[in-house]
Amino acid sequence: MSVKELSDAEFEGEVVKSDVPVLVDFWAPWCSPCKSIAPIIDELAKDYAGKVKFVKINTDDHKETATSYNVRGIPTLFFFKSGELKERIVGAVSKAEISKTLDKVLA
């Protein structure tokens, strides 16, 4: 499973109304920590295929969603379940930490 790039207009339908939990990666092309966790997010998308949807929002191109959710730094990962924001991680973290948070959201 690949990580889908979303626009502000797609956010509600793809994330808030999703039948499965969603990890949202807020990032920007110039952000080095964002680039460092991108391969981890891609790996996790394969590991959790069928259980979690993985999406990315470029905060340079799509500011509305990031602003409405008060995203102040990137990378920021949001974990949604049943339309609700359940967890958030700010900054580049390990695969183990993201996986632990995913497992908590799925429980």
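Buried means under 20% relative accessible area. The model shown in these views is predicted.

**View 1. Helix α2 spans residues 32-47**. The helix has 16 residues. From first C-alpha to last, α2 reaches 24 Å, close to the 22 Å expected at 1.5 Å a residue. A kink of about 30 degrees lies at Ala38.

**View 2. Seven named positions form the buried part of α2: Cys34, Ile37, Ala38, Ile40, Ile41, Leu44 and Ala45**. Their packing partners include three strands, β2 (22-27), β3 (53-58) and β4 (76-81). Helix α4 (95-106) also packs against the buried residues of α2.

**View 3. A disulfide joins Cys31 to Cys34**. The structure holds one disulfide. Its S to S distance is 2.4 Å. The torsion about the S-S bond is about 80 degrees, so the disulfide is right-handed. Cys31 has a relative accessible area of 3% and is therefore buried. Cys34 is also at 3% relative accessibility, so Cys34 counts as buried.

**View 4. Lys56 sits in strand β3**. This lysine has a relative accessible area of 13%. The cut-off for burial is under 20%, so Lys56 is buried. Leaving aside residues up to four places away in sequence, Lys56 touches Val3, Lys4, Glu5 and Leu6, along with Asp25, Trp27 and Ala38.

Note on methods: Residues are numbered from 1 along each chain as its sequence is written. This is a predicted model: local features need pLDDT of at least 70, side-chain atom pairs count only at pLDDT 80 or more; totals for chains, interfaces and linings use all residues. Side-chain values use heavy atoms; hydrogens and water are left out. Helices (H or I, at least four residues) and strands (E, at least two) are DSSP runs, numbered from the N terminus. The expected span of a helix is 1.5 Å times one less than its number of residues. The bend at a residue is the angle between axes fitted to the seven residues ending there and the seven starting there. Buried means under 20% relative accessible area, exposed over 50%, partly exposed in between (1.4 Å probe, protein chains only). Contact means heavy atoms within 4.5 Å. A disulfide is a pair of cysteine sulfur atoms within 2.5 Å.
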